[in-house]
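Please report on the salt bridges, the surface and the pockets of this protein model.

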Amino acid sequence: MKENGEKIAMLTAYDASFSRLFSEAGVDIQLVGDTLGMVVMGYETTVPVAVEDIVHHTRCVIRGNQRSFIITDLPFMAYSNIDQAMENSKKLLQAGAQMVKLEGGRWTEDTVFALQQRGVGVCCHIGLTPQSVHSLGGYKVQGREAAAASELLETAKCLEQAGAKLLVLECVPHSLGAKITEQLSIPTIGIGAGPNCDGQVLVTYDMLGISTHPPLTFVRDFMEGCTGGIIEAVAQYVAAVKNGSFPNLKESFA
């Protein structure tokens with residue numbers, strides 16, 4: 001899809017019913033995200049989510065899925081060393097995931113390499129990494145200063161070289177999202193990273209306007225003005241990602 005210039009539409013999924021709906025609406029990738037800790041389980045962050053929680057929800061999503069590619073998060077401290085990453089990735093793949101996602105910079109290179117060498121596809125996640133929200137000092141845009149932007153670009157290249165097959169960029173300036181996307185051969189998926197990434201992802205509860213937290217800059221409420229309910233809202237999201245109208249620059253960071 002990246003080679004053909006076709007945008008990739010991705011949404012988070014946590015259960016069989018939404019998974020089936022997403023499949024029918026043409027969502028390319030469903031992410032069983034550790035965001036379930038916040039939007040499903042009611043925690044303030046994703047940190048309390050356990051591997052067992054993710055395994056359970058992966059199995060639920062797999063039962064409803066028809067055509068989407070399924071990626072599942074390795075939760076907080078589930079990949080602090082290579083052996084642990086191997087064991088927990090095995091659990092997620094046995095539950096039905098086709099790829100695992102992990103957060104972090106260059107310190108994850110050895111883990112990414114070891115996983116892909118053993119046949120585990122890896123999606124990396126850089127920029128704002130919610131599992132590290134406390135050490136980052138909160139939910140803040142990353143890479144605005146020149147040195148930080150350069151470091152994120154080099155990190156992205158290193159992770160690709162280590163064997164990552166996909167890269168999520170969260171909350172970075174749109175110009176940096178474009179630059180990283182241009183310089184990588186693997187697809188980039190943006191969430192608050194501007195319109196020039198190869199694809200976009202949103203937390204489903206956000207794009208349906210039912211999250212309890214205040215509206216985020218990079219989120220569009222696709223239920224607003226929608227007369228056809230959730231099915232139409234998801235279809236509109238997919239169409240907006242595909243035609244490049246989501247996100248716009250007002251939904252991005254400078």
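## Ground rules

Buried means under 20% relative accessible area, exposed means over 50%, and partly exposed lies in between (1.4 Å probe, protein chains only). By that scale Arg106 is partly exposed, with a relative accessible area of 36%.

This is a predicted model: local features need pLDDT of at least 70, side-chain atom pairs count only at pLDDT 80 or more, and totals for chains, interfaces and linings use all residues. Residues are numbered from 1 along each chain as its sequence is written, and side-chain values use heavy atoms, with hydrogens and water left out.

## Salt bridges

Side chains of opposite charge can pair when their charged atoms come close. A salt bridge is a side-chain nitrogen of Lys or Arg within 4 Å of a carboxyl oxygen of Asp or Glu. The structure holds nine of them.

Take Asp198 and Lys2. Their closest N and O atoms are 2.5 Å apart. Asp198 sits in the loop between strands E7 (188-191) and E8 (199-202), while Lys2 sits in the segment before strand E1 (8-12), so this pair ties together parts that are 196 residues apart in sequence. Helices (H or I, at least four residues) and strands (E, at least two) are DSSP runs, numbered from the N terminus. Asp198 is buried, at 11% relative accessibility.

Glu87 and Lys90 form a salt bridge, with 3.5 Å between the closest N and O atoms. Both belong to helix H4 (residues 82-94); they are three residues apart, about one helical turn. Glu87 is partly exposed at 36% relative accessibility. Lys90 is partly exposed at 41%.

Arg106 and Glu151 also meet in a salt bridge (3.4 Å, N to O). This pair links distant parts of the chain, 45 residues apart: Arg106 is in the loop between strand E4 (99-103) and helix H5 (109-117), and Glu151 is in helix H7 (residues 146-162). Glu151 is partly exposed, at 40% relative accessibility. Elsewhere, salt bridges with shared partners join Glu6, Asp28, Arg67 and Lys242 into one network.

## A nonpolar patch

Val40, Met41 and Tyr43 make a nonpolar surface patch of about 230 Å². Patches are made of residues with over 30% relative accessible area and no salt bridge; like charges are joined within 9 Å, and nonpolar side chains (Val, Leu, Ile, Met, Phe, Trp, Tyr) within 5 Å. Accessible areas come from the Shrake-Rupley method with a 1.4 Å probe, and for residues only the protein chains shown count as cover.

Met41 is in the loop between helix H2 (36-39) and helix H3 (51-64). At 32% relative accessibility, Met41 is partly exposed.

## Two pockets

A pocket is an open set of points, on a 1 Å grid over the protein atoms alone, where a 1.4 Å probe fits, with protein on both sides within 12 Å along at least five of seven lines; lining residues have an atom within 4 Å of a point. Grid points are joined across faces, edges and corners, and a volume is the space filled by probe spheres set on the points. The largest pocket has a volume of about 550 Å³. It is lined by 31 residues; Thr35, Pro130, Glu170, Val203 and Phe218 lie nearest its centre. H2, E4, strand E6 (166-170) and E8 each give two or more residues to this lining.

The second largest pocket holds about 350 Å³ of space. Of its 21 lining residues, Gly104, Gly105, Trp107, Thr129 and Ser132 are the closest to its centre. H7 gives the largest share of this lining, four residues.
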